[in-house]
Amino acid sequence: MKKRRHAKIIEIIENQNIETQEELAACLKAAGFDVTQATVSRDIRELQLSKVSDGKGKQRYAVLGRDDGFMGDRYIRVLREGFATMDIAQNLVVIKTVAGMAMAVAAALDAMRFPEVLGCIAGDDTIMVASRTTEDATKLTHKIQEMLDK
């Protein structure tokens with residue numbers, strides 16, 4: 001039952017702009033699933049869903065944390081939608097994002113599994129990306145810039 005519900009959640013958020021857990025619960029109930037807010041909250045956490053900008057000033061749930069090593073278009077889209085500026089400070093890459101998008105962009109960067117990334121720390125509109133060396137930080141900024149330019 002849980003696998004079917006998770007598959008339905010992914011289907012719903014890929015086909016609709018779902019902003020809240022309550023909206024997601026209502027869609028699941030309409031599809032025949034008997035869910036509570038706590039169940040939906042747990043499912044969101046287990047599926048590693050993130051909120052991303054819909055480009056119209058609102059936020060919606062999206063699948064970002066899938067651990068399949070696939071650098072999909074959705075990760076690049078999140079990066080493009082949230083990105084503002086980027087700079088290097090020795091082995092750190094500092095990325096500025098649209099307000100409220102840093103966590104989604106950081107999750108997308110983590111999901112892309114760049115070998116140059118040791119880890120990301122995200123606030124509201126700033127991400128600190130740690131690399132081992134200055135050279136790795138430079139390589140990472142070039143890779144990110146290439147994705148943004150395509």
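# A walk through a predicted chain of helices and strands

Among the contacts in this chain between residues at least 6 apart in sequence, 52% join residues at least 24 apart, where contact means heavy atoms within 4.5 Å. The structure is a predicted model, in which local features need pLDDT of at least 70 and side-chain atom pairs count only at pLDDT 80 or more, while totals for chains, interfaces and linings use all residues. Residues are numbered from 1 along each chain as its sequence is written, and side-chain values use heavy atoms, with hydrogens and water left out.

The chain has 6 helices and 6 strands, which are DSSP runs numbered from the N terminus, with helices being H or I of at least four residues and strands being E of at least two. Read from the N terminus on, the elements follow the order α-α-α-β-β-α-β-β-α-β-β-α. The C-alpha trace of the chain spans about 55 × 30 × 25 Å along its principal axes. Of the 150 residues in the chain, 42% are buried; buried means under 20% relative accessible area, exposed means over 50%, and partly exposed lies in between, with a 1.4 Å probe and protein chains only. The accessible surface of the chain comes to about 8400 Å², and 50% of this surface belongs to carbon and sulfur atoms; such areas come from the Shrake-Rupley method with a 1.4 Å probe, and for residues only the protein chains shown count as cover. The chain carries 22 positive and 22 negative charges, whose mean positions are 6 Å apart, with Lys and Arg counted as positive, Asp and Glu as negative, and His and the chain ends not counted. The place of each charge is taken as NZ of Lys, CZ of Arg, CG of Asp or CD of Glu.

An α-helix has 3.6 residues a turn, so residues three or four places apart point the same way. After H2 comes Gly32, whose phi is positive, near 95 degrees.

Helix H3, residues 37-46, has Thr39, Val40, Asp43 and Ile44 as its buried residues, and these fall within an arc of 135 degrees when seen down the axis of H3, so they line one face of the helix. Just after H3 comes Gln48, in the loop between H3 and strand S1 (49-53). Gln48 has a positive phi of about 55 degrees although it is not a glycine, and at 42% relative accessibility it counts as partly exposed. Most residues other than glycine have a negative phi.

Arg74 and Ala108 are 34 residues apart in sequence, yet their C-alpha atoms are 8.4 Å apart in space.

Strand S3 (residues 83-89) and strand S4 (residues 92-97) run antiparallel and are joined by 6 bridges, two strands being paired if DSSP finds at least two bridges between them. Phe83 stands opposite Thr97 in S4. The two strands form a hairpin with 2 residues between them, and Gln90 in the turn has a positive phi of about 60 degrees. At 62% relative accessibility, Gln90 counts as exposed; leaving aside its neighbours within four places in sequence, Gln90 is in contact with Thr134 and Ala137. The C-alpha atoms of Gln90 and Thr133, 43 residues apart along the chain, are separated by 7.4 Å.

The loop between helix H5 (102-112) and strand S5 (119-122) holds Glu116, and Arg113 lies in that loop between H5 and S5 as well. Arg113 is partly exposed, with a relative accessible area of 49%, and has a positive phi of about 55 degrees although it is not a glycine. Glu116, by contrast, counts as buried at 5% relative accessibility. Leaving aside neighbours within four places in sequence, the residues in contact with Glu116 are Ala130, Ser131, Arg132, Asp136, Lys139, Leu140 and Lys143.

Terms used:
The arc is that of the directions from the helix axis to the C-beta atoms.
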